[in-house]
Amino acid sequence: MNIKPLADRVLVLPAPAEEKTIGGIIIPDSAKEKPLRGTVVAVGNGTKDEEMILKENDTVLYGKYAGTELELDGTKYLIMRQSDVLAVVG
């Protein structure tokens with residue numbers, strides 16, 4: 001299945017959460033901090049008021065509560081508006 005975001009939306013593949021242990025205790029997945037970094041997988045065409053600045057394969061930083069989670073073929077993605085992206089890491 002192929003996903004093409006509409007308007008000013010982008011599809012982001014979040015970076016994997018870092019595995020941390022504290023004194024030999026492994027932190028469960030539910031307690032891990034969500035990554036705030038990811039790779040843009042697909043972009044929309046933009047709107048007449050806002051051109052699409054982001055492009056595929058950009059590494060981006062986004063807010064903690066940005067976007068909507070969706071799962072496709074066992075992989076979790078975030079779909080969000082371009083304005084939810086805080087910065088491009090380059």
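This is a short tour of the structure, stop by stop, for use in a viewer.

**Whole chain**

Start with everything shown as a cartoon. The model is a predicted one. Look for secondary structure: the protein chain has zero helices and eight strands. Along the sequence the pattern reads β-β-β-β-β-β-β-β.

The accessible surface of the protein chain is about 6,400 Å², and carbon and sulfur atoms hold 52% of it. Of the 90 residues in the protein chain, 28% are buried.

Select residues 9–14, which are strand 1, and residues 75–81, which are strand 7. The two run antiparallel and are joined by four bridges. Zoom in on Val-10: its bridge partner in strand 7 is Met-80.

Now follow the chain from strand 6 into strand 7. They form a hairpin, with two residues between them. Click on Asp-73 in the turn: its phi is positive, about 50 degrees.

How many bridges pair strand 1 and strand 4? There are five, in the antiparallel sense. At Pro-14, the bridge partner in strand 4 is Gly-38.

Next, select residues 37–43 for strand 4 and residues 59–62 for strand 5. Three bridges join strand 4 to strand 5, and the strands run antiparallel.

Center on Thr-39, a residue of strand 4. Which residue of strand 5 stands opposite Thr-39? Thr-59 does. Show the surroundings of Thr-39. Leaving aside neighbours within four places in sequence, its contacts are Leu-11, Val-12, Leu-13, Asn-57, Asp-58 and Thr-59. Draw a distance from the C-alpha of Thr-39 to the C-alpha of Pro-14: the two are 6.5 Å apart in space and 25 residues apart in sequence. Thr-39 counts as partly exposed because its relative accessibility is 30%.

**The loop between strands 4 and 5**

Move to Asn-57, in the loop between strand 4 and strand 5. Check its backbone: phi is near 75 degrees, a positive value in a residue other than glycine. Is Asn-57 buried or exposed? Asn-57 is exposed, because its relative accessible area is 65%.

Step to Asp-58. Its side chain forms a salt bridge with Lys-55, where the closest N and O atoms are 3.6 Å apart. Asp-58 has 11% relative accessibility, so it counts as buried.

**Asp-8 and Arg-81**

Side chains of opposite charge can pair when their charged atoms come close. The count of salt bridges in this model is two. For another of these pairs, select Arg-81 and Asp-8, whose closest N and O atoms are 2.8 Å apart. This pair links distant parts of the chain: Arg-81 is in strand 7, Asp-8 is in the segment before strand 1, and 73 residues separate them.

Compare the cover on each side chain. Asp-8 is buried, because its relative accessible area is 7%. Arg-81 counts as partly exposed, because its relative accessibility is 36%.

Keep Asp-8 selected and show what is around it. Apart from neighbours within four places in sequence, Asp-8 is in contact with Gly-46, Thr-47, Glu-50, Met-52, Met-80, Arg-81 and Gln-82.

Step back to Ala-7, also found in the segment before strand 1. Its phi is positive, near 50 degrees, in a residue other than glycine. Ala-7 is partly exposed, because its relative accessible area is 30%.

**A nonpolar patch**

Last stop: turn the surface back on. Which residues form a nonpolar patch on the surface? Select Leu-61, Leu-86 and Val-89; together they have about 250 Å² of accessible area. Pick Leu-86, which sits in strand 8, residues 85–89. Leu-86 is exposed, because its relative accessible area is 63%.

Technical notes
Residues are numbered from 1 along each chain as its sequence is written. This is a predicted model: local features need pLDDT of at least 70, side-chain atom pairs count only at pLDDT 80 or more; totals for chains, interfaces and linings use all residues. Side-chain values use heavy atoms; hydrogens and water are left out. Patches are made of residues with over 30% relative accessible area and no salt bridge: like charges are joined within 9 Å, nonpolar side chains (Val, Leu, Ile, Met, Phe, Trp, Tyr) within 5 Å. Accessible areas come from the Shrake-Rupley method with a 1.4 Å probe; for residues, only the protein chains shown count as cover. A salt bridge is a side-chain nitrogen of Lys or Arg within 4 Å of a carboxyl oxygen of Asp or Glu. Buried means under 20% relative accessible area, exposed over 50%, partly exposed in between (1.4 Å probe, protein chains only). Two strands pair if DSSP finds at least two bridges between them. Contact means heavy atoms within 4.5 Å.
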